[in-house]
Number of protein chains: 2
Amino acid sequence: MTTTSSALSPARPAAGQRAGERASHLLEHSRALVRPALAEAIARLHPWVGEMAAYSLGWCEPGGAPVSVPAGGKGLRQALAVLGAEAAGAPRSTGVTAAVAVELVHTFSLLHDDIMDGDPTRRGRPTAWKAYGTGPAVLAGDALFALAVETLAATPGTDIPAAVRHLSTALNDLVRGQADDLLFESRPWTGPEAVRPDEYRAMAEHKTGALLGCATALGAVLADAPRETVAALDRAGRHLGVAFQVVDDLLGIWGDPAVTGKPVHADLLRGKKTFPVLAALGTPAAGPLARLLNSAGSLDPADARRAAALIEDAGGRAAATAEARSHIAAVEACLNDLPRTSDTTRTTRTTHSTHDLRALLDFLVCREM
Amino acid sequence: MTTTSSALSPARPAAGQRAGERASHLLEHSRALVRPALAEAIARLHPWVGEMAAYSLGWCEPGGAPVSVPAGGKGLRQALAVLGAEAAGAPRSTGVTAAVAVELVHTFSLLHDDIMDGDPTRRGRPTAWKAYGTGPAVLAGDALFALAVETLAATPGTDIPAAVRHLSTALNDLVRGQADDLLFESRPWTGPEAVRPDEYRAMAEHKTGALLGCATALGAVLADAPRETVAALDRAGRHLGVAFQVVDDLLGIWGDPAVTGKPVHADLLRGKKTFPVLAALGTPAAGPLARLLNSAGSLDPADARRAAALIEDAGGRAAATAEARSHIAAVEACLNDLPRTSDTTRTTRTTHSTHDLRALLDFLVCREM
């Protein structure tokens, strides 16, 4: 796979732009395909709860007035779901219910995560708990969660037990990852209680990878795909999640704030246990970094600049880049492993969708999402 | 059905005591039957999240040490689930997975409701958000929700789609009822925007009845019961929920604080839209009550005493008692309508379970739960 991220290979802007264009088109196409069913699901909610859901999806302002500028996410998970159906040889439309379910779960998790993390803004707007209050935002998240399960359980002509099992496994993993992420905050930087890179990987796979894996696999489940196809797509999404999280960490330290939208060194200032730091702390050159991190309750901007340099000197940046690359290679391997049938139409769809999935993955690590 | 509630017919303590003993035995038996599977499910959670879940179930103290005195609920919903299976002619053990699922959902809803309502204590202990923080309590609720779906979706030999649909419908109703309950707070007492009794009924059915209906019906779904049996049990549970909520309202105004555990006139002081008040406001004698309620932002204890008298004078207490009775009669009718088969073993079970369900219902309106 050609990785074109500025974080991973900043020298290839042209390839990045091509992948970005294809991916943008794909995301737009998926959003258009999924939107009617998603809107229909949201319309089944209690009107007040539905408004909070629509606000969280970026469709309206508080009070319910339509937004003048769309404020939603790119819809990566819904794109993965429709491409997952296509990867299993079915038309993209087969994955629409899966797309609705994962988009609802994703929105639920953002709503509740913003409460847990105390984040006041998302995508340049007040978070739901800021706009509507904590209690209502908890309730809106619960409603989206229930709606996702209901939507999936009502899909005709589907292996509903398998679909619901996939979704609930992802939900359990998501909670597990969020719990570990919260607990990491109070763990020390060094010593036997320090967070190990393998603990980070498990956290990232659960917190970010599980729902990406579920999205990709669930489309294939609805397309009645063989077990190996579903498993390969789930694995692909999980590796993608870890890669995505590590790239996010890299950009949080060395990314351009104008591009990432995050303040410079925000993760270092918050004392977040990101992969580059953990990797650096595991090297023989970790001494000065460990002393800096252990010396203060929290870093000031000058400390954070020094920490960034020490992490790079100790090899943390290179290790994180290698880590992201290895997960991207694993995604590649999963896509290459997708079974092909003798049915030409199905095989053409599979081939087409794997190209599109690759474009999306490139786009993801490009951080243009 | 012989109603023996102090709120409904205070003159029949002996019948109430007999129903109470039978119901206590039943609840204890159900808890013992369900506990191993419930504990096994909780053990699958992330350890920290599992501790919060165990705390919320009254099994441990914050930190994880076992409680010296059990601090959990009576386990009404799990009893309804195993009796629901029996009502469908199956052994009670058939309903155990349903019992686990509804108990997990019930615990989830208490966790999140306590956050939404800002309640600092439950059953004499700090609520989970007070003991662990709001964010962790949100997360623990989410985990229980996901675990409930996962547990149900993994039940072998079951109509999983039907079971999951029942659960997700109840969850959606529960959220809808909670939303309405929250919105009722800011509605006026009088005028076209006032809460109507039928809106109250819908709120109570959703908020309280849906999960009781789901509990009773889900046991029957797992017992492969005919559609009419499942529907009758669901309706019974929903009527029970409304009756339960109205009795709760009656006890909130005229109950003995030593028995109810709630401060005297708490609902009136909080300005809660309870059924006796709404019923009183709908009568020709509502004038003085309406003026009192509309006169102040919130009532002081002397106002609350006066309001209680005015509600009673206007017929609100009698109307609420009649309302509860009518829903109890509806529960009765649902139980009488349960189909009997020619299979003696199954019919004996159905008869036995309906007797037990009646004892539980009596116990419920006795408010000894």
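User: How do helix α3 and helix α8 of chain A pack, at what angle and with their axes how far apart?

Analyst: This is a predicted model, in which local features need pLDDT of at least 70 and side-chain atom pairs count only at pLDDT 80 or more, while totals for chains, interfaces and linings use all residues. Residues are numbered from 1 along each chain as its sequence is written, chains are lettered from A and ligands numbered from 1 in the order in which they are written, and side-chain values use heavy atoms, with hydrogens and water left out.

Helix α3 (residues 76-87) and helix α8 (residues 197-222), both of chain A, pack at an angle of about 35°, with their axes 6 Å apart. Helices here are DSSP runs of H or I with at least four residues, numbered from the N terminus; the axes are lines fitted to C-alpha atoms over the stretch in contact, and angles run from 0 to 180 degrees between N-to-C directions. The crossing of α3(A) with α8(A) is right-handed, that is, the near helix is turned clockwise from the far one by less than a right angle.

On the α3(A) side, the contact (heavy atoms within 4.5 Å) involves Leu76(A), Arg77(A), Leu80(A), Ala81(A), Gly84(A) and Ala85(A), which meet Leu211(A), Leu212(A), Ala215(A), Thr216(A), Gly219(A) and Ala220(A) of α8(A). These residues of the contact between α3(A) and α8(A) divide into eight nonpolar, three polar and one charged, where Ala and Leu are among those that count as nonpolar, Arg is among the charged, and Gly is among the polar. An α-helix has 3.6 residues a turn, so residues three or four places apart point the same way.

Notes
Helices (H or I, at least four residues) and strands (E, at least two) are DSSP runs, numbered from the N terminus.
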